[in-house]
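Here's a quick briefing to read alongside the structure. Have the sequence and the 3D view open, and hop between them as you go.

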Amino acid sequence: MTTYPTAPRLPSLLLARDHTRATLRRLEGERPHFRAGPGAYAESVTGPAWQVREHQALAGIAATRGRLGDQVVISHASAARVHGLWVPPWDGRTHVTGPSAPGRQSAYLQRHVAELGADEVLEIDGLRVTTISRTILDCALRLGPRWGLAVADSGFRILVRPSREDPGAHLSRQEAIRGHLLDWLGRDFRCCPGLPTAIPVVSLANGLCESSGESGLIWSAVANGAPEPERQYPVHAEGIGYFLDAAWEFPLSAWTADEPRRPRTTRGGLIVIGEEYDGELKYAQDGDPRREVLREKTRQDRLLQRNVFLQRRTHVDLRDPGRLGREILARLPRRIALAARPIPGLLALPPDTTRPRRRV
């Protein structure tokens, strides 16, 4: 089933200005709360650590409502959260952008300086935030390639709403959006230190990616020199249609006879080297992970009969993207691996964000 990123609901807040101290203490006693911002409190939640942190991040964003003024808007990774894009772990601050000098950063806000046009801002749930297009550029310039690409992939996914059953239908619109973003980068962000990363990130982004893990998988491969794969590669086996997260297609003759990793097959035709990302939740969907493992084993056997050689990856593999990229290259024909050249912009670390910079 095709799904798209959706905007989360912002937490409700208790504002100190609306309650007496006695009321706040009583409410705190009934249900634990935490301080989301100056004079703003949100109800605590339980669950996995990442879920708690996301709730805290969204509460911090909600706490800025009515405090920023007309010229300052939610931006960067905070705007990406409001839009429901795929974002990195929360850094503890809400990111905002305005036209004036940033001054001293607070414990709750990270200020950026930029003049935003009216067409770069919209309102969501009472908050002024940068548009998805502007948010893609801000994140590509500041987050580094791993998460810049995840934001861009998810942004394209919302803007284009592609279907893996008919991927060609979205291409012209996606390329038009990509061209607009690249022109925008070249025109207004020429002096930004993150530009060498933002250009290859926007060039690689594709709305067919269906999770941040898939974005990380493809980034690891391409950054280390692998050719760009086909996303959501279709394979029909025993009357069932399957889609691979990333795949490369070669004739068997692309491998020389002495290559140790030459695919072993009794069939002729094309060889498909596939890569898939498995999220942690996948194996708990039915309450019985063994059932899902059995389904995946059956699926993989059927794909192998169609000359599809599939490798599964998890979040553990993404911890070492250099190693993962080399492992993927080693699965491709040797001549492809020998010709591979890493892309410096995609290997770069995020720019230094400890000092305010203009136009970012």
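Predicted model: local features only at pLDDT ≥ 70, side-chain atom pairs only at ≥ 80, totals over all residues.

Across the whole structure, a search turns up 19 salt bridges. Three of those pairs get a closer look below, followed by the helices.

**Salt bridges**

- Start with Arg-65 and Asp-125, which form a salt bridge with their closest N and O atoms 3.7 Å apart. This pair links distant parts of the chain, 60 residues apart. Arg-65 sits in the loop between α2 (49-62) and β4 (73-74), while Asp-125 sits in the loop between β7 (121-124) and β8 (127-130).
- Next come Asp-138 and Arg-134, whose closest N and O atoms are 3.1 Å apart in their salt bridge. Both residues belong to helix α4 (residues 132-142), where they are four residues apart, about one turn of the helix.
- Why does Arg-312 count as buried? Its relative accessibility is 19%, and buried means under 20%. Asp-278 is buried as well, at 5%.
- There is a network to look at, too: Glu-275, Arg-313, Arg-323, Glu-327 and Arg-331 are joined into one by salt bridges that share partners.

- Glu-327 has its place in helix α11 (residues 321-331), and it counts as partly exposed at 28% relative accessibility.
- In sequence, Glu-327 and Ser-220 are 107 residues apart, yet their C-alpha atoms are 9.9 Å apart in space.

**Helix α8**

- Helix α8 (residues 212-223) has twelve residues, which at 1.5 Å a residue should span 16 Å. The C-alpha atoms at its ends are 16 Å apart, which agrees.
- How many of the twelve residues of α8 are buried? Eleven are, so the helix is largely enclosed by the rest of the structure. Among them are Glu-214, Leu-217, Ile-218, Trp-219 and Ser-220.
- After α8 comes Gly-225, with a positive phi near 110 degrees.

**How α5 packs**

- Helix α5 (residues 145-160) and helix α7 (residues 195-204) have axes that come within 9 Å and cross at roughly 40 degrees. The two helices are therefore oblique to each other, and their crossing is right-handed.
- Where α5 and α7 meet, α5 brings Pro-145, Gly-148, Leu-149, Ala-152 and Phe-156, and α7 brings Thr-197, Val-201, Val-202 and Leu-204.
- α5 also packs against α8, at an angle of about 130 degrees and with the axes 9 Å apart. That makes α5 oblique to α8, and α5 passes α8 in a right-handed crossing.
- On the α5 side, this contact is made by Pro-145, Arg-146, Trp-147, Leu-149, Ala-150 and Asp-153. On the α8 side, it is made by Ser-212, Ser-215, Gly-216 and Trp-219.

**Trp-255 and its surroundings**

- Trp-255 lies in the loop between β10 (240-251) and β11, and it counts as buried at 3% relative accessibility.
- What is Trp-255 in contact with, leaving aside neighbours within four places in sequence? The contacts are Phe-250, Arg-261, Arg-262, Pro-263, Ile-271, Ile-273, Arg-331, Leu-332 and Pro-333.
- Trp-255 and Arg-335 are 80 residues apart in sequence, with 8.0 Å from C-alpha to C-alpha.

Notes
Residues numbered from 1 in each chain as written. Heavy atoms only, no water. Salt bridge = Lys/Arg side-chain N within 4 Å of Asp/Glu carboxyl O. Buried < 20%, exposed > 50% of the residue type's maximum accessible area, 1.4 Å probe, protein only. Expected span 1.5 Å × (residues − 1). Contact = heavy atoms within 4.5 Å. Axes fitted to C-alpha atoms, helices over the stretch in contact; angles between N-to-C directions. Parallel < 35°, antiparallel > 145°, perpendicular 65-115°, else oblique. Left-handed = near helix turned anticlockwise from the far one by under 90°.
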